[in-house]
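Have the structure ready to turn around as you read.

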Amino acid sequence: MRHLMSPLDFSVDELEQLMNLANDIEHHPKKYAHACDGKILATLFYEPSTRTRLSFESAMIRLGGKCLGFASADNSSAAKGESVSDTIRIVSCYADICAMRHPKEGAPLVASLVSQIPVINAGDGGHQHPTQTLTDLLTIRSMKGRLNNLTIGLCGDLKFGRTVHSLISALVRYEGVRFVLISPDELRVPDYIRNDVLKANHVEFEEVTRLEDALPSLDLLYMTRVQKERFFNEEDYVRMKDFYILDKAKMDLANPDMLVLHPLPRVNEIAVEVDKDPRAAYFKQAQYGVYARMALILTLLGIEAE
Ligand code: NCD
């Protein structure tokens, strides 16, 4: 049995197969409409979510399966003090596969150690978000045609943004990927990303503060929200929250084929006027999230469509 805790749980070849499967699902959805007949997905969400939970549920339903679960810790037995380990033992009796989001780093890993069913990390605190990374890789590969030889700007809350940590970890395995890390000083990437992931893999990167300076060199800009829920005090959040706002004037500085991605939700960091720009790919990215999760569910359940 296999779980998904980090994007590195899949080799580059396995990711390739998963993305091929996701593209096949996109183009031939009927072929997969009954692949998970009789299967149940549990979504255990101890933290807010729109896209991740609903795209998981949509993915399972589109595969012919069914879903159960909870959307907040308040209406599960966590509110009574039940441990994640006990909860997953119980859910193992009710479902065939589970996606878990939790505010504590490592909670899905703890669950996977006692689970009888595959556990998918759907976001653990400020740590990792591997299924967003599958979505991001699929979006980049589908829209740019490659995952190598790219200059990628990551902008915003690089400290607490788990999507950024997972995406960097996954992309360092491709040739010729260069990063421009754009953040205020206080929200730079954690040391383990800088040292154990970027430097350890001899990946070219620079850390800058001004988005305007970085824009002209980028093939792709990955915007992120300042992670309000991970701040210790409101004042710091308020000071940081509008540090970057990507608007039409800034888009004029960028390459004509630079893609703009964002895991969403957006707060103020991308002006609504940018949505009309053909380079804005964040809504399309959310659509790819369904195909990526369909491919992941099939892969972890070991199901091959006819
Ligand atoms: C992200 C998350 O939960 O980390 N959202 C998502 O899953 N698409 C990004 C965010 O909340 O800022």
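## E206 and R178

E206 is partly exposed, at 35% relative accessible area (buried means under 20%, exposed over 50%, and partly exposed in between, using a 1.4 Å probe and protein chains only). R178 is partly exposed too, with 22%. Their side chains meet in a salt bridge, 3.1 Å from N to O (that is, a side-chain nitrogen of Lys or Arg within 4 Å of a carboxyl oxygen of Asp or Glu).

This pair ties together distant parts of the chain: E206 belongs to strand β7 (residues 205-208) and R178 to strand β6 (residues 177-182), 28 residues apart. Strands (E, at least two residues) and helices (H or I, at least four) are DSSP runs, numbered from the N terminus.

## Where the model comes from

The model is predicted, so local features need pLDDT of at least 70 and side-chain atom pairs count only at pLDDT 80 or more, while totals for chains, interfaces and linings use all residues. Residues are numbered from 1 along each chain as its sequence is written, and side-chain values use heavy atoms, leaving out hydrogens and water.

## Two more pairs

D236 and R239 form a salt bridge at 2.9 Å, N to O. They sit three residues apart in helix α9 (residues 234-240), so about one helical turn separates them. D236 is partly exposed at 25%, and so is R239 at 47%.

D213 and R210 also pair up, at 3.1 Å from N to O. Here D213 is exposed, at 54%, whereas R210 is partly exposed, at 47%.

## The wider picture

How many salt bridges are there by this rule? The count is 21. Some join into a network: D185, R188, D191, R194 and E207 are linked this way.
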